[in-house]
Amino acid sequence: MAQTETYTLEYPFTYKGEEVTELTIRRPKMRDLKKFEGIKDNMKKSFTMLSDLAEIAPDAVEELDPVDFNAASVMIAGFLGVSEEEIQKISGQFHSS
């Protein structure tokens, strides 16, 4: 299985003068899961997880469109063997249509 997957953003954005059109997300390791487990707020946990695994700044995550945030979170959930429905329930994310 690939160690990373690339997600092409449906809604690219500009961050610090550079266009962001895709995210390359790496598979989490147990040390990542241990770190994330300590975060009690589900939305903060989702933001931190995406920031760490995509290796982007936390404030760049805030610039993501909810559709792209949700899709990237579903990609991470797939690495963990969690269903899309479960990850949305856990993190309170936005549903894409």
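**Terms and values in the predicted model**

Q: In which helix does Ser73 lie?
A: Ser73 is part of helix α4. A helix here is a DSSP run of H or I with at least four residues, a strand is a run of E with at least two, and both are numbered from the N terminus. The model is predicted, so local features need pLDDT of at least 70 and side-chain atom pairs pLDDT 80 or more, whereas totals for chains, interfaces and linings use all residues. Residues are numbered from 1 along each chain as its sequence is written, and side-chain values use heavy atoms, without hydrogens and water.

Q: Why is Ser73 called buried?
A: Its relative accessible area is 5%. Buried means under 20%, exposed over 50%, and partly exposed in between (1.4 Å probe, protein chains only); Ser73 is therefore buried.

Q: What makes the pair of Ser73 and Phe69 a polar contact?
A: A polar atom of the Ser73 side chain lies 2.9 Å from the backbone oxygen of Phe69. A polar contact is a pair of N or O atoms within 3.5 Å; within protein, one must be able to donate a hydrogen and the other to accept it, and residues adjacent in sequence count only if both atoms are side-chain atoms.

Q: Why are Lys16 and Glu55 called exposed?
A: Lys16 has a relative accessible area of 69% and Glu55 one of 65%. Both values are over 50%, so both residues are exposed. Lys16 is in the loop between β1 and β2, and Glu55 is in the loop between α2 and α3.

Q: What makes a set of residues a nonpolar core, and which members of the largest one touch the most others?
A: A nonpolar core consists of buried Ala, Val, Leu, Ile, Met, Phe, Trp, Tyr and Cys residues joined through side-chain atoms within 4.5 Å. The largest has 20 residues, of which Leu9, Leu23, Ile25, Leu50 and Leu64 touch the most other members. Helix α4 gives the largest share, five residues.

Q: Which residues does Ile25 touch?
A: Contact means heavy atoms within 4.5 Å. Beyond four places in sequence, the partners of Ile25 include Leu50, Ala72 and Phe79.
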